[in-house]
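Subject: Structure for your review

Dear colleague,

Please find the structure below, together with its sequence. My notes on it follow.

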Amino acid sequence: MILNLTPHPIRLYADEREDGIDDLEPHLQQVIDPEPEPARLDTIELGGGITFQLVEFGHARQLPPKRDGIQYIVSLVVALALADRRSDLLVPYREVRNATGTVIGCRTLAQPV
C-alpha cells in the first residue's frame, strides 16, 4: 500500500513509447490522492549572524512510523533528510510537463538512498 503524504495528488503517467519518444499527450494511469496531513520537514534555528543562520534540518513532522507493507510518498526534502533512517519513503520521479512546461505529474516513484 502506498500513502501520499504530500499536499497534492500524485498523477502517474504511462512511460514513454517503446521508441523512447514522449507522446504529445501522456496517458494518465493512476492518481494517488493526498492524506489529510502532509509530512513536513521542521527546522531548528541554532543561531547565526546578520547574513546567515545555522539551521538544523531533518526533523519530520506528521510522518507516521514505519509499518510493514506501507510506503509513503513524501517531498524530496523530507525523503533526503531521512534517507539514511527510512527505507519506506518514495518521491515523484521523471516529471511529466504540459506544453507550457508546468509539472503535471510523474512517470514513476523513486526511493532515495
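Leu-54 is found in strand S5, residues 53-61 (helices, H or I with at least four residues, and strands, E with at least two, are DSSP runs numbered from the N terminus). This is a predicted model, in which local features need pLDDT of at least 70 and side-chain atom pairs count only at pLDDT 80 or more, while totals for chains, interfaces and linings use all residues. Residues are numbered from 1 along each chain as its sequence is written, and side-chain values use heavy atoms, with hydrogens and water left out.

Surface. Leu-54 has a relative accessible area of 47% and is therefore partly exposed (buried means under 20%, exposed over 50%, partly exposed in between, with a 1.4 Å probe and protein chains only). Together with Ile-44, Leu-46 and Phe-52, Leu-54 makes a nonpolar surface patch of about 390 Å². Patches consist of residues with over 30% relative accessible area and no salt bridge, like charges being joined within 9 Å and nonpolar side chains (Val, Leu, Ile, Met, Phe, Trp, Tyr) within 5 Å. Accessible areas come from the Shrake-Rupley method with a 1.4 Å probe; for residues, only the protein chains shown count as cover.

The largest nonpolar core has 13 residues, and Leu-5, Leu-63, Tyr-72, Val-74 and Leu-89 have the most contacts inside it (a core is a set of buried Ala, Val, Leu, Ile, Met, Phe, Trp, Tyr and Cys residues joined through side-chain atoms within 4.5 Å). Helix H1 (76-82) and strand S7 (89-97) each supply at least two residues of this core, and H1 gives the largest share, three residues. A second, separate core of seven residues includes Ile-10, Ile-73, Leu-90 and Cys-106. Leaving aside residues up to four places away in sequence, Leu-89 touches, among others, Leu-63, Val-78 and Pro-112 (contact means heavy atoms within 4.5 Å).

Salt bridges. The structure holds four salt bridges (a side-chain nitrogen of Lys or Arg within 4 Å of a carboxyl oxygen of Asp or Glu). One of them joins Arg-61 to Asp-42, with the closest N and O atoms 2.7 Å apart. This pair links distant parts of the chain, Arg-61 lying in strand S5 and Asp-42 in strand S4 (residues 40-48), 19 residues apart. Arg-61 is partly exposed at 39% relative accessible area, as is Asp-42 at 26%. Asp-88 forms a salt bridge with Arg-86, again with closest N and O atoms 2.7 Å apart, and both residues are buried.

Yours sincerely
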